[in-house]
Amino acid sequence: MVRETRRVGAYGVCEDAGRVLLARGSAACPYPGVWQLPGGGVEHAEHPAHAVVREFAEETGLTVEVTGLRAVLADVTTFPADGVAVHTDRLVFDVVARGGEPRPEPAGGSDELAWFTPAEAAEVPLMPFTAELLGLPVSPLPPGLPRALPAEQAAPPHPERRLRFGAYGLVTDPAGRVLLTMIADGYPGAGRWHLPGGGTDPGEQPVAALLRELVEEGGQLGRVVELIGVDNLHNPAALGPEGRPLDWHGVRVIYRVAVDAPTEARVTELAGGSTARAAWFTPEQLAGLPLTEIAAKVVPRP
């Protein structure tokens with residue numbers, strides 16, 4: 001039986017004169033000889049933007065500054081030797097080098113660094129997400145890959161910790177109204193108005209998850225028009241479903257979503273009980289509305 005697990009990774013696109021910096025997997029990683037954007041796993045409670053800075057310093061020797069969030073995507077890889085299927089949510093940032101000297105990390109994840117033009121990158125084995133981000137065809141990995149997971153990834157999750165990755169939307173219609181959902185009683189933030197969205201399912205892309213949640217929580221069909229950013233939530237004493245505190249880490253990406261043909265907002269049974277109501281609000285109606293923290297960051301107020 002295959003055990004499913006989740007992880008969040010942060011990666012950076014560092015460009016110079018039309019070339020992008022890539023790192024080659026070392027013998028210590030599951031993909032030796034395969035090139036990818038520098039980066040790696042987000043640690044518990046760590047903001048993904050901080051993680052990519054840390055990972056760049058460890059893997060490349062460079063000090064980088066994050067200038068934006070370029071893309072978010074997900075993939076699933078099965079490791080037969082470990083009996084584990086890993087769903088990885090990958091956040092890809094634009095970064096600029098501010099110091100340091102390039103050098104690989106042979107004892108860690110990379111044994112060589114190089115700058116590539118897109119044409120040059122197309123000639124080497126690439127991780128699928130890296131090929132996709134560079135606008136190149138996704139090719140099969142070399143035979144025999146991936147190898148076994150590193151011990152820290154193969155281990156069962158910490159019993160007192162929870163990781164949740166979600167996708168949320170600032171949803172508007174042609175009249176400039178904003179769609180919000182009210183959190184139901186018994187859930188954190190009950191009574192406050194929230195952005196439509198929620199956790200992604202295993203194997204699900206964040207955009208697909210958001211559009212699914214928009215139907216379930218608001219009864220609307222939308223289209224994603226822009227990636228706004230990422231919000232990091234850490235609550236070391238969140239009340240879990242078992243009724244005891246859990247060390248909770250939530251990573252939430254936020255998109256701008258347009259609903260071209262709005263209908264009356266309604267919650268469907270598929271919402272799962274966490275959403276009490278859904279409603280459209282004019283800009284004037286948003287004033288004084290009790291909002292969740294993530295909604296307050298992006299909802300325009302008069």
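Ala 276 is partly exposed, at 42% relative accessibility. Here buried means under 20% relative accessible area, exposed over 50%, and partly exposed in between, with a 1.4 Å probe and protein chains only. The model is predicted, so local features need pLDDT of at least 70, side-chain atom pairs count only at pLDDT 80 or more, and totals for chains, interfaces and linings use all residues. Residues are numbered from 1 along each chain as its sequence is written, and side-chain values use heavy atoms, with hydrogens and water left out.

Ala 276 sits in strand S14 (residues 275-281). Strands (E, at least two residues) and helices (H or I, at least four) are DSSP runs, numbered from the N terminus. Leaving aside residues up to four places away in sequence, Ala 276 touches Met 182, Ile 183, Ala 184 and Val 267. Contact means heavy atoms within 4.5 Å. Arg 98 is 178 residues from Ala 276 along the chain, and their C-alpha atoms are 48 Å apart.

Strand S1 (residues 3-16) pairs with several strands, where pairing requires that DSSP finds at least two bridges between two strands. S1 runs parallel to S6 (residues 84-100), and twelve bridges join them. Within this pairing, Gly 12 has Phe 93 as its bridge partner. Three bridges connect S1 to S4 (residues 39-41) in the antiparallel sense. There, Tyr 11 stands opposite Gly 39. S2 (residues 19-25) is also antiparallel to S1, with two bridges. S1 and S2 form a hairpin with two residues between them. Ala 17 in the turn has a positive phi of about 55°.

Salt bridges number 21, each defined as a side-chain nitrogen of Lys or Arg within 4 Å of a carboxyl oxygen of Asp or Glu. Asp 16 stands opposite Arg 19 in S2. These two residues also form a salt bridge, with the closest N and O atoms 3.3 Å apart. Arg 19 is partly exposed at 31%, and Asp 16 is partly exposed at 37%. Glu 15 pairs with Arg 70 at 3.7 Å between the closest N and O atoms. Glu 15 is exposed at 51%, whereas Arg 70 is partly exposed at 33%.

Asp 231 and Lys 297 meet in a salt bridge of 2.4 Å, N to O. Asp 231 lies in strand S12 (residues 223-239) and Lys 297 in helix H6 (residues 293-298), so the pair ties together parts 66 residues apart in sequence. Asp 231 is buried, at 4% relative accessibility. A salt-bridge network links Glu 43, Glu 46, Arg 54, Glu 55 and Glu 58.
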